[in-house]
Amino acid sequence: MQIHRTPPEAILDPTTQRPRFGTYAGGLPPIAFGAAAKNPLTRVRREKRWFYVAIASDELICAVAIIRLGYAANAFAFVVDRREGRALVDETTKGPPFSAFIGDSGGEGCLASYHLGANHLSVSRPAGQSDYAIDVRMQGLELQARLGTTKAPPALGVVAALREGLFSTTEKRALLSVDGSLVAAGRKFSLDGALAGYDFTAGLLERHTAWRWGFGLGRTAEGKPIALNLTEGFVGDRECVAWIDGEIVPLSAVRFSFDRERPLSSWQVRAPDERVDLTFTPSGLHTERHDLGIVRSRFLQLAGEFSGRILVPGREPITLDRLAGVTEDQDTYW
């Protein structure tokens, strides 16, 4: 996989109006779907957007997601106590599409929000600002934090072709600094000194979409900041990377293996060329299952820790020991 060092100025080529497919070191420009989304029915059926944030400290792992489909919206948040190895909060809310708003950018100008009843979630980064503000209020959970980008490595940007002329865009960033606080199940935690990452995805997706995903952030066994993004299915190895030494470096394509009947047992994440060999030990599970006939989904996301090693050409082997992170298994007809 080649990582282009300069992101495109626009998602669509101005002459051909075709997406500029590729993997880029740097944030993507505002998302535009062009002619592929001129049909309103296509946008309702195929347009999906989400903004996801993971925060990890020595004490906890917190995940927050806002999802907007063309015909519905939902949001979830969960908190896992790393020391006790158990979930403190796990909340999900579903609503009509107008419950959520997700803009065209994951960088400056970013705005993602969900408001329904007592559930209020927002992630924002006004134009000209370097920090993201997160505000979450759900049953048993209050989160107010700022994510700093000043010392973080660049974002990963991917524009990927799908079947039927559809395509997906994603911007992911990791090792953002955190300050703020979180109250979960009546317990207050400081987030000062924690690390965070986000996933902003917007695309015109196929009716059947499936993937397995792993994301980790923290430090290597030698104390260096590191983050991982690993995907099997969907756009595959186009977004398999590590952030280390301030750079984005490509990793080998991986395969996830786990017991679907016992998802809290260990997961294996390995590359056929043995350049990635990781064990993921879960300690908390968020699950959603829906069967509405036409729309069916099975979604698992687990919080836990990665251990093992990865090999990057030109570098010494990288050892990971209890690196905080999440894994995910999704299989959806939407």
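**Entry 1: strand S23**

I began with strand S23 (residues 296-310), where 11 of the 15 residues are buried, so the strand is largely enclosed by the rest of the structure. I note that the model is a predicted one.

I then looked up the partners of S23. Strand S22 (residues 276-291) pairs with S23 in the antiparallel sense, over 15 bridges. Within this pairing, I found Asp 277 to have Arg 309 in S23 as its bridge partner. With strand S24 (residues 318-333), S23 is joined by 14 bridges, and these two strands also run antiparallel. Here Gln 301 stands opposite Glu 328 in S24.

**Entry 2: the sheet**

I next traced an open sheet of 9 strands, with antiparallel pairing. I recorded its order as S19-S18-S17-S16-S24-S23-S22-S21-S20. Its edge strands are S19 (247-250) and S20 (255-257), each of which pairs on one side only. From one strand to the next, I read an average twist of 20°.

I also examined strand S17 (residues 225-233), which 4 bridges join to strand S18 (residues 241-244), the two running antiparallel. Among these residues, Leu 228 has Ala 242 in S18 as its bridge partner.

**Entry 3: the cysteines**

How many disulfides does the structure hold? I found 0. A disulfide is a covalent bond between the sulfur atoms of two cysteines. For Cys 62, the closest cysteine sulfur lies in Cys 110, and the 16 Å separating the two sulfurs is too far for a bond; the cut-off applied is 2.5 Å.

Finally, I checked burial. Cys 62 counts as buried because its relative accessibility is 1%. Cys 240 is likewise buried, at a relative accessible area of 0%.

Definitions and conventions:
Residues numbered from 1 in each chain as written. Predicted model: local features only at pLDDT ≥ 70, side-chain atom pairs only at ≥ 80, totals over all residues. Heavy atoms only, no water. Buried < 20%, exposed > 50% of the residue type's maximum accessible area, 1.4 Å probe, protein only. Pairing = 2+ DSSP bridges. Axes fitted to C-alpha atoms, helices over the stretch in contact; angles between N-to-C directions.
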